[in-house]
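Student: I would like to learn how to read a pocket and a helix pair. Please take me through this case.

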Amino acid sequence: MICLGIDPGTLKPGFCVLSLPSEARGSCKILSAGCLVLRTKDPLPVRLMHIYDFFENMIVTCSVSSLAIETPFLGKNAQNFLKLGYVRGILYLLAQRKGLEIQEFTPRQVKLAVSGYGGADKEMVARSLSKLFPVFDPSAVEMFDITDAIAVAFCGIMSLR
């Protein structure tokens with residue numbers, strides 16, 4: 001099983017590809033993790049096209065079998081919430097076109113699964129991930145979009161297990 005976890009965004013969507021070996025005792029491994037950094041001066045339709053192209057390529061290249069995304073919450077800015085809806089629509093389209101199962105997790109579910117506490121802050125989630133994945137160094141990660149994506153991918157793999 002290979003799960004692509006995505007922390008949706010219109011400027012810096014985070015991503016993580018996790019694999020779970022078929023043997024029962026195998027542990028999941030990070031195959032790829034990072035952040036697609038898009039240009040703020042590009043209009044939204046151009047950024048959405050880059051998001052589509054990037055994740056389509058990743059799905060094909062990494063032989064992804066499942067897609068996991070974090071659901072947005074309505075914060076202070078309704079426009080950001082609306083733009084995240086566009087990104088989610090793109091991810092749903094990709095999942096349908098590629099025949100992938102799509103899973104959604106709330107931020108609280110992700111935090112609970114990774115750290116054991118649904119109200120964990122981003123630093124606590126990053127520290128918990130470093131224990132789950134010893135080769136992962138949270139101090140080397142400058143953007144929480146990446147750690148969020150790793151946590152979402154972890155939730156996706158664990159729910160498929």
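**Pocket and helix packing**

Tutor: In this predicted model, α2 gives the most to the lining of the largest pocket, with five residues.

Student: Which elements give two or more residues to that lining?

Tutor: The largest pocket has 28 lining residues, and nearest its centre lie D7, P8, F73, L84 and D145. Two or more residues come from each of α2 (78–98), α3 (107–115), α4 (122–132) and α5 (144–160).

Student: How much space lies in the largest pocket, and how do its lining residues divide into nonpolar, polar and charged?

Tutor: The space in the largest pocket is about 740 Å³. Its lining has 12 charged residues, 10 nonpolar and six polar.

Student: What describes two packed helices?

Tutor: The general idea is to give the angle between their axes and the distance between the axes. Here, the axes of α3 and α4 come within 9 Å, with a crossing angle of roughly 45°.

Student: Is the crossing of α3 and α4 left-handed or right-handed?

Tutor: Left-handed, as α3 passes α4.

Student: Which residues in α3 meet which in α4?

Tutor: On the α3 side they are K111, V114 and S115, and these meet M124, V125, S128, L129 and L132 in α4. The residues of this contact divide into five nonpolar, two polar and one charged.

Technical notes: Residues are numbered from 1 along each chain as its sequence is written. This is a predicted model: local features need pLDDT of at least 70, side-chain atom pairs count only at pLDDT 80 or more; totals for chains, interfaces and linings use all residues. Side-chain values use heavy atoms; hydrogens and water are left out. On a 1 Å grid over the protein atoms alone, a cavity is a set of points where a 1.4 Å probe fits but cannot get out, and a pocket is an open set with protein on both sides within 12 Å along at least five of seven lines; lining residues have an atom within 4 Å of a point. Grid points are joined across faces, edges and corners, and a volume is the space filled by probe spheres set on the points. Helices (H or I, at least four residues) and strands (E, at least two) are DSSP runs, numbered from the N terminus. Ala, Val, Leu, Ile, Met, Phe, Trp, Tyr, Cys and Pro count as nonpolar, Asp, Glu, Lys and Arg as charged, and the others, Gly among them, as polar. Axes are lines fitted to C-alpha atoms, for helices over the stretch in contact, and angles run from 0 to 180 degrees between N-to-C directions. A crossing is left-handed if the near helix is turned anticlockwise from the far one by less than a right angle, and right-handed if clockwise. Contact means heavy atoms within 4.5 Å.
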